[in-house]
Every structure is written in structure tokens, then in C-alpha cells.
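Please open the model in your viewer and keep the sequence beside it, so that each selection can be followed from one stop to the next.

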Amino acid sequence: LEPGLTRPLDRVAGMSVLGRAGVEAVLKLEKTSVGPVPSGLTRVYLISANLIQAKYVADQISAGVDDSGAAVGTVHVVLVPRTLAAIHNLFEEEGLAGIVELHQFCWEFIPLDFDLLSLELPNFFRNQYLAHDHSGLVSAARAIWGLQSIYGAIPNVFAHGRSVRKLMNLVNVFSLHYGQPKTKQADIGYLYIFERDVDWASCLLSPLTYEGLLDEVFGISCGTVEFGKEVTGADQPTKLQLSSKDKMFDKIRNKHFASIFSVLGVTAKQLSAAQAAASGMNITEMKSFVQNDLKNMKSQSRAVALHIGASERIQKLKGRYFETQLPVEHTIIANTSTRENIEYIEDRMAQLVPYTVSLRLIALLSLASEDRKSTRLNSSHARYL
């Protein structure tokens, strides 16, 4: 299993589901050789549909082929989101045609919260906008068709972007091929589709909400964030599922980071007062407290502790930059003080801050500047690269 697909797969089919289907073990795909498939068992690879991952798998399978050219055991390769002709050709060139059976699988929208669905295809952005490989639109179109097959045809669709016409044409192709929605009454009234490249600025500006900063500092993968020792103080990392079920997170996720500590502080005091009140309860009240409130209070206390630790880490890494960088970002968007902004970016380079900080500011300045051929801007960009 490719590590990046672990969490989405767990959302679609957890280990209990896989176990009932006959899976004995799930192993992380690594760039090392593996032994032959034990007799009577089947090895299945689940990987992203790209040539690099396919080459790793082909090398492992080739190492398990005996002298007669036959694979020891049965080998299947499942490609997410779909098979590609280039990968078929790769396995043929590696002499694995007839030895390996290729499949394709694509989950559709995965619910990460009661109001949030996601395709969770991490390679889509790179393929679509850097490699100019638009094959990912097929997966997006199928997901939209699947959504309409459940909730009915969406009557009002508004779309903006260069590829949205291709996307909607593919949705129509799926409707013709697989059938129109059986539900006549549409439960969804409007669908808005905005292509990412119509608004690069929101990607390049510094996030200021708590959830945005969590993603920036720790990384959110399939609705899950992982905190290390710097947050928890424990040697083993702690994974936290981010959703509205976490009442503390639901309260602070969209708040400006400047107000987070005050909200967490108030909640911590309320929990402390509730725990102190429990010490004066009689037996009946204590029994009711343990049965109804204690478990919820413990989970809230744990969540508050984690969010306080995460906020402190964010403050340590980002706090000292906010006061100087945010005004610069505002002037860049307003397309004013270009000279001062370039000088600020050059100072950041000289201070050897993480390269992504300066690169994002350069990209934002290039995007917002009317004079994109500015000699000084191009010179700064060239020196940085």
C-alpha cells in the first residue's frame, strides 16, 4: 500500500472491512526488495497511477520472478484513480505482461465532516497544472455523476475556469453511459465549480484561521492531523481527527488565530471548575457524573490540551513573522509599494528563512503586479532560483 493512500483507504474500507474480505496483512510500500508471495496467497499493490510508483512495483515483482519467467504466487496491481496506457507499456517493457494483472479503482467523494466531501487525490493538482495531464478530470466527473445518481440531477450549475467545460462534458458522457439519476426530485439545488487557477492568491497568502495554520504547520491529510513530540511531549506521534465531532475544534477552527488562546483558556477554566465541583458530589451525583459526563469531559480535556500545544507551536514558528509579513502581503495584493516589497523579500532571502516563504511572496508579487516585466522583480527572482 502506497503510504499516501493509507488514510483515504481507511475512510473507504478500514482494516475490519479488508479483514472480512480475506486480507491477512497490510504492508507499506517501500523501495526495498520483498520476498516471493507465499504459496496460496495473493499479493495486491494499491498505488497512485504514475510511472515512478509503477516502476518501484515492477522492480519488486521482477525480483520475485523465478528462472522460468513465472511469478511465484498471484500478483495484482490496483491503480488509483485509473489505469494509464503508459503504465501498461511499462509492465510490458519490464517483461511482466501476463504475470501481473492491472486494475483501476477510484473512490468518489469521501465525507470528512458532515458538511465536507473531498476526492482526496493528492496528485491531481500536480498533474492538472504542472504536467498538463487532464486525465484527472475523469475522476472528478465520475464523482459528480455519482453524487447526482444519489441525490438527483442538480438543476443549477455554475462553473468558472478553463477546464470546466471538459469536466461537464465528461459528466454528460457518464450520464449517457451509466444512466441518468433515478431520483427525480433533486436534493441539491446548486452546484458551483471554481477551477483552482482562477484564484491563486488565496493559496499564496498566509492563512490566519486556526484550521488553515494547522494545515500550514502540521499538514492535514484526509481530515487527520498528526502531532509530534513538540506538541504532546510523548515519544509517539498523536493523530487527531478534525471534524465537528470534536466540539473544541468546531468552536475554534474558523476563528482568527489571535483569539484562539483566549477561547482555549476559557474552556480550560470551565473544565477545571467542573472537575473541582465533582469532588463535592454525593454518591448518587457521583454515579450520574461518571456515567454521563466523565467520559465526555476527559475527551474534551485531551482535545483542549492538544489544541493548546498546537497553538503554542504555531505561535513559536509563525508568530514573529506575522507582524512584518502580513502588511507586506496586503500591499502586494493592493499593488502598492512594489520597491519596498521586493526589498522585504530580499531581506527574507538573506535571513535564510524556509525557501517556501520567499517563493510564495515572489509568486504573489508576480501575480499581483501589473508590471510583470519589472527588471528588478525578474532579477530578484533569478537570484533566488
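How many helices and strands are there in the protein? There are 16 helices and ten strands, where helices (H or I, at least four residues) and strands (E, at least two) are DSSP runs numbered from the N terminus. This is a predicted model, in which local features need pLDDT of at least 70 and side-chain atom pairs count only at pLDDT 80 or more, while totals for chains, interfaces and linings use all residues. Residues are numbered from 1 along each chain as its sequence is written, and side-chain values use heavy atoms, with hydrogens and water left out.

Select helix α14 (residues 338-350) together with helix α15 (residues 355-368), which pack at an angle of about 160 degrees with their axes 9 Å apart; the axes are lines fitted to C-alpha atoms over the stretch in contact, and angles run from 0 to 180 degrees between N-to-C directions. That angle makes α14 roughly antiparallel to α15, a term for angles over 145 degrees. Now show the side chains of T338, I342, Y344, I345, R348 and M349 in α14, which meet V357, S358, L361, I362 and L365 in α15, contact being heavy atoms within 4.5 Å.

Next, select F322, which is found in helix α13 (residues 283-333). Is F322 buried or exposed? F322 counts as buried because its relative accessibility is 17%, and buried means under 20% relative accessible area, with exposed over 50% and partly exposed in between (1.4 Å probe, protein chains only). Leaving aside residues up to four places away in sequence, F322 touches P207, L208, L213, F257 and P327.

Technical notes. Angles under 35 degrees count as roughly parallel, over 145 as roughly antiparallel, 65 to 115 as roughly perpendicular and the rest as oblique.
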